[in-house]
Amino acid sequence: MLPPAPASVYKCESTSESAGNHLPSPEGGQIGHLQLNNSRFHSTITVLKRHNPDTVEQPLCLECMRVLSDKLDKEAEDVNRDIKAYEACLQRLEGEAQDVLSEADFLKEKLKIEEEEQKLEAAIEETEKQCAKLNAEMNELELKSCRFKELEERYWHEFNDFQFQLTSHQEERDAIMAKIEVSQANLELLKRTNMLNDAFPIWHDGEFGTINNFRLGRLPKIPVRNPGL
């Protein structure tokens, strides 16, 4: 009888490593990714190594072989993409290296930039001075505006007081004028009044003169009435 097949003959990777599909990252992180792909590639190559050389060899099934082949193809594609990306970066760097300035040109550019920087700093300083001047003028105008507002408010208060006093004087004048008119009417009435006539009215009653309605004298033909006695 043949010995039973061992429970684990071949090395196996973790689920996270077998299921991971990593695409190449941008140029900044491609070196570490390439190292990771290379390590995974070598670990996959050694996946068929047995733990114990004394154990009996067991062939891979078709399904496992297909999965392993697909995985190797995928990792080979990732490595090829990384190689192409590195070649593109290398070509770009080589092209940029041709545009490197010489030391004299670099110093000229540096001096030019420093002069521009000094001009900009001077312009900024001048602008700050103008800004400070404008701020001072604005503060002064704000103070004047506050003073004008106070003067305007005081003017309107005085104007309202004057209007109130004027209205009071007009009402007082109208009252005095009304009193004067009444006094004028009473004066005219008093001018037409005779105190003696009011106190001792002198008139006549037929053939007799009267004072306070009393007859003066008598006649033989006309007898005196009782009220006249």
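**Exercises on a predicted chain**

In this chain, residues 24 or more positions apart account for 56% of the contacts with a separation of 6 or more. The model is a predicted one, and the exercises below work through its elements and its surface.

**Exercise 1.** Work out which elements the chain holds and in what order they run from the N terminus on.

*Solution.* Begin with the count, which gives five helices and three strands in the chain. Then follow the chain from the N terminus on, where the order of the elements reads α-α-α-α-α-β-β-β.

**Exercise 2.** Describe how much of the chain is buried and what its accessible surface comes to.

*Solution.* Take the residues to begin with: the chain has 229 of them, and 9% count as buried.

**Exercise 3.** Decide whether Glu 121 is buried, partly exposed or exposed, and name the patch to which Glu 121 belongs.

*Solution.* Locate Glu 121 in helix 4, which spans residues 103-191. Its relative accessible area is 46%; because buried means under 20% and exposed means over 50%, Glu 121 is partly exposed. Glu 121 belongs to a patch of negative charge on the surface, whose members include Asp 105, Glu 109, Glu 117, Glu 125 and Glu 128.

Definitions and conventions: Residues are numbered from 1 along each chain as its sequence is written. This is a predicted model: local features need pLDDT of at least 70, side-chain atom pairs count only at pLDDT 80 or more; totals for chains, interfaces and linings use all residues. Side-chain values use heavy atoms; hydrogens and water are left out. Helices (H or I, at least four residues) and strands (E, at least two) are DSSP runs, numbered from the N terminus. Buried means under 20% relative accessible area, exposed over 50%, partly exposed in between (1.4 Å probe, protein chains only). Contact means heavy atoms within 4.5 Å. Accessible areas come from the Shrake-Rupley method with a 1.4 Å probe; for residues, only the protein chains shown count as cover. Patches are made of residues with over 30% relative accessible area and no salt bridge: like charges are joined within 9 Å, nonpolar side chains (Val, Leu, Ile, Met, Phe, Trp, Tyr) within 5 Å. A salt bridge is a side-chain nitrogen of Lys or Arg within 4 Å of a carboxyl oxygen of Asp or Glu. Lys and Arg count as positive and Asp and Glu as negative; His and the chain ends are not counted. The place of a charge is taken as NZ of Lys, CZ of Arg, CG of Asp or CD of Glu.
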